[in-house]
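Colleague: I would like to learn how to read the features of a structure. May we work through one together?

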Amino acid sequence: MSLKDQILTDKLPNHVAIIMDGNGRWAKQRGMLRVLGHESGAKSVRDIVEASAEIGIKNLTLYAFSTENWKRPKLEVQTLMKLLVKSLKKEIKTLQENNIRLLAIGCLHDLPKKAHQELSEVIDKTKNNTHMTLTLALSYGSREEIVKVIKELTDKVKNNIISVESIDESIINKHLYTHDLPDVDLLIRTSGEQRISNFLLWQIAYAELYFTDILWPDFKKNDLYQALINYQNRERRFGKTSEQLS
Ligand code: IPE
Ligand code: IPE
Ligand code: MG
């Protein structure tokens, strides 16, 4: 049986999030410039988006650029932004053909104007697609997101729009960038690093974590299937006992 056939379609994670890491090391291993690693990583994005849509995953969120990534060398940042524009132009067709809606989370106004425009355009063109939601985390930092929520909520309290007593988890969810998305069920990080790097801290409260040594440009459909099979063999207890679940 192929890996794909081993996936139980009725036990799929509703939301898969991926920290796409290892582009730089992939390039370095080949004596290439880091930017070529990012170009190669873009091909994995297409592969994984297609595979996710094929299997029937409803929500896929990809960490493409963190608030901390702005500290990288200027040329690398510029190249990543150009690559974003190029990929959006190229992949709009794939999104439409596969009925995929694009969303973006993060400090989007910090993106270069061209990237922001292109992104808004693709988001608008795909807004009625229903098969899968693909969310790109761009200039995204979870702490920045939480600070934003606190500012918005304190402002609403100050202006008597809401009361302190009414603040609960659901109100916080509604103010996060991810307000349209369910909690993350499966978080994958490639490249062997075992850390979260400021990604979706609130949203991964009960996510299953999956770390693989594979570098992002080498992460392909079968590697995603492997992660999904691994996920399906876990018992998610959400605080309960195993006996309570069965
Ligand atoms: C992930 O690959 C892509 C981004 C963070 C934009 P890296 O560029 O972090 O690759 P490594 O970690 O240096 O190998
Ligand atoms: C996390 O990767 C951000 C993205 C994948 C976009 P990094 O490579 O920036 O993370 P650290 O700095 O190694 O933790
Ligand atoms: Mg990295």
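**Ligand sites and a helix pair**

Modeller: Let us begin with a ligand, in what is a predicted model. Ligand 1 is surrounded by M20, D21, G22, N23, G24, R25, R34, H38, A64, N69, R72 and L80.

Colleague: Which atoms of G22, R25 and R72 lie close to ligand 1?

Modeller: For polar contacts, one looks for pairs of N or O atoms within 3.5 Å. A backbone N or O atom of G22 is 3.3 Å from an oxygen atom of ligand 1, and a backbone N or O atom of R25 is 2.7 Å from an oxygen atom of that ligand. R72 uses an N or O atom of its side chain, 2.7 Å from an oxygen atom of ligand 1. On its own, ligand 1 has 380 Å² of accessible area, and the protein covers 86% of this.

Colleague: Which residues are around ligand 2?

Modeller: They are I19, M20, D21, Y63, A64, F65, N69, R72, R189, R195 and S197. The side chain of D21 has a polar atom 3.2 Å from an oxygen atom of ligand 2. From N69, a side-chain N or O atom is 2.9 Å from an oxygen atom of ligand 2; from R72, the corresponding distance is 3.3 Å. Ligand 2 taken alone exposes 390 Å², of which the protein buries 78%.

Colleague: Which residues of α3 and α4 meet?

Modeller: From α3 come L84, V85, L88, K89, I92, L95 and Q96; from α4 come K114, A115, E118, L119, V122 and K125. By class, this contact has eight nonpolar, one polar and four charged residues.

Terms used:
Residues numbered from 1 in each chain as written. Chains lettered and ligands numbered in written order. Predicted model: local features only at pLDDT ≥ 70, side-chain atom pairs only at ≥ 80, totals over all residues. Heavy atoms only, no water. Contact = heavy atoms within 4.5 Å. Helix = DSSP H or I, 4+ residues; strand = E, 2+ residues; numbered from the N terminus. Nonpolar A, V, L, I, M, F, W, Y, C, P; charged D, E, K, R; others polar. Near = heavy atom within 4 Å. Polar contact = N/O pair within 3.5 Å; in protein donor to acceptor, adjacent residues only side chain to side chain. Areas by Shrake-Rupley, 256 points an atom, 1.4 Å probe, with all protein chains shown as cover.
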